[in-house]
Amino acid sequence: MKNTTYEVTKSNEYFKKAKEVIPGGIFGHYKYAVRDTGPKFFSRSEGAYFWDLDDNRYVDLMCGYGPSILGYNHPEVEEAFKTSSEKGNTVSLASPIMVDLATKLVEMVDIADWALFGKNGGDATSLAVMIAREYTSKKKIVKIDDGYHGVAPWMQDKSRPGIIDSDNEHVLKIKWNDIGGLEELLNMHGNDIACFISSPYDHPVSRDNSLPEEGYWKKITSLCKQYEVLTIVDDVRAGFRINLGGSNVAFDFAPDMICFGKAIANGHPLASLVGAEKLKHSAEKVYFTGTQFFSAPPMAAALATLDQLQKLNAPNKLIEYGENLNKRLVKVAEKEGFNLIASGIPSMPYYRLEGVDFETHFRWIDECVRRGVYMLGYHNHFISLAHRKEDIDFIENTAKQAFQSL
Ligand SMILES: Cc1ncc(COP(=O)(O)O)c(C=O)c1O
C-alpha cells in the first residue's frame with residue numbers, strides 16, 4: 001500500500017480521457033464523489049477492499065453505495081452467478097430461478113405475498129407507485145421532502161435540468177417525522193392520494209440521518225388506512241441491513257409494499273418489489289418491464305446472497321460492527337479535539353464533524369481516503385460482513401492520523 005507516496009496519476013489520466021467521450025467524465029451519483037486528490041476508477045475488489053488504477057488499496061466504507069453487503073467477490077454468490085451464467089443469461093424464456101427467488105422473498109419478508117423484479121431500485125419504486133395508482137384509482141403521491149427514490153421524473157425536483165412542471169405535478173411533500181404534515185395533506189387531498197412512499201428512516205445526503213420518532217410509523221399507517229392510501233416502504237438502501245423481514249419489522253409496522261434493490265444480490269444488478277395479497281391483481285395488470293429484467297444469473301446471485309444473509313444473521317452482525325466502529329471513531333475524534341456525530345442506523349452510519357466548516361469536514365474525509373479508507377463527505381456509509389476487526393482497527397487508526405493532519 002502506498003500511503004506515504006499516495007498518487008492517483010493513472011486515475012487522473014483516465015478521467016481526462018473519460019471527459020472526451022463521456023459527458024462530465026463520470027456521471028450520475030459517482031460524479032459527486034470525484035475529488036481532485038482522490039481515486040476515480042477501480043482496478044479490482046475483494047472482500048472489504050478495492051484497489052484503484054494506481055494500485056492504492058482502500059478499506060471501502062461505501063460498499064458500492066450499498067450493494068456489497070457480504071463483501072466483494074463473495075465465493076458462494078459468485079459460484080451461484082457462474083453456474084447460472086453457464087446455463088444462459090437473458091434467454092427467450094424466464095428462468096425457474098425467478099420463481100425460487102420470489103418464493104424465498106415471500107417466505108422471508110413479513111408482508112410479502114408476491115414479488116416482481118427489475119434492475120435498479122428506481123424500477124421498484126416506480127412500479128410500486130404505478131400499482132398504488134392502479135389499485136386506488138387515485139393519482140397523487142406523498143413523499144418526504146428530500147427523500148430519494150431514484151431518478152424517474154416524478155422523483156426529481158422541479159428545478160432539476162430536464163424536468164418539466166407536469167412531471168411531478170401530483171407529488172406532494174412532507175417533512176420527515178411530521179405526522180401533522182401528512183394529516184393536513186390527507187385532509188385536503190385524501191380522496192386523490194394513492195400512496196405514501198418513504199424510506200424506513202430518513203437518510204438524506206448532506207444532512208444528519210434521523211430515525212422515526214416513537215409511534216411515528218404506527219400513526220402514519222393508521223392515517224393512511226383511514227384515507228385508503230397505500231404505504232410503500234422504500235427499503236432500497238437500508239434493506240437487509242436492519243431486519244431480513246423488511247426494515248419495517250424493526251420499527252413495528254406493516255406497509256402494503258416494500259421496494260428492495262442494492263444489497264439484494266451483493267452487487268449483481270437486481271431489484272424487487274414485494275407486496276400484500278390484496279395488490280396482486282393490480283400488480284398483474286400494470287405493464288412494467290425491461291429486456292434485461294429476466295437475466296437469470298443476478299437472480300441466482302440474489303438467492304445465494306439471501307441464503308448467506310440468513311445463515312450469518314447479517315443485520316445483527318452489521319449493526320454490531322457499525323456500533324463498534326462508530327464508538328471508536330467518536331472516541332478517537334474526541335481525543336484529537338473533534339466532535340464526530342454518527343447518525344442513522346449503525347450499519348449505515350452518516351458522519352459529520354460538528355462545529356467545523358464544510359471544507360474542514362471534507363479535508364478530513366480526503367485525508368482518510370488518501371490513507372486508504374474510502375469514504376464520502378456527504379453520504380451515509382455502509383458496513384459489510386467482510387469488514388473484520390483488523391479493518392475496523394485500520395479505519396480507526398486512519399481516522400486518527402487524518403484528524404492529526406488537519
Ligand atoms: C432509498 C433509495 N431508493 C431508491 C434508490 C434508487 O435506486 P437505484 O439507484 O438502484 O435506481 C436509491 C439509490 O440510492 C435509494 O437510496
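Colleague: How many residues of domain 1 are in contact with how many residues of domain 2?

Modeller: The model is predicted, so local features need pLDDT of at least 70 and side-chain atom pairs count only at pLDDT 80 or more, while totals for chains, interfaces and linings use all residues. Residues are numbered from 1 along each chain as its sequence is written.

Domain 1 covers 9-70 + 314-405 and domain 2 covers 75-311, with bounds from an automatic or database domain assignment. Between their C-alpha centres lie 27 Å. In contact are 20 residues of domain 1 and 22 residues of domain 2, a contact being two C-beta atoms, placed from the backbone, within 7 Å. On the domain 1 side, α11 (314-335), β11 (339-343) and β12 (350-354) each supply at least two residues; α11 gives the most, with three. Helices (H or I, at least four residues) and strands (E, at least two) are DSSP runs numbered from the N terminus. By class, this side has eleven nonpolar, eight polar and one charged residues; Asp, Glu, Lys and Arg count as charged, Ala, Val, Leu, Ile, Met, Phe, Trp, Tyr, Cys and Pro as nonpolar, and the others, Gly among them, as polar.

As for the sheet, it is open and mixed, with four strands in the order β1-β2-β3-β13; pairing requires at least two DSSP bridges. The edge strands β1 (42-46) and β13 (373-374) have a single partner each, so one side of each lacks a neighbour in the sheet. Strand β3 (residues 57-60) runs parallel to β13, with two bridges, and V59 has V373 of β13 as its bridge partner.
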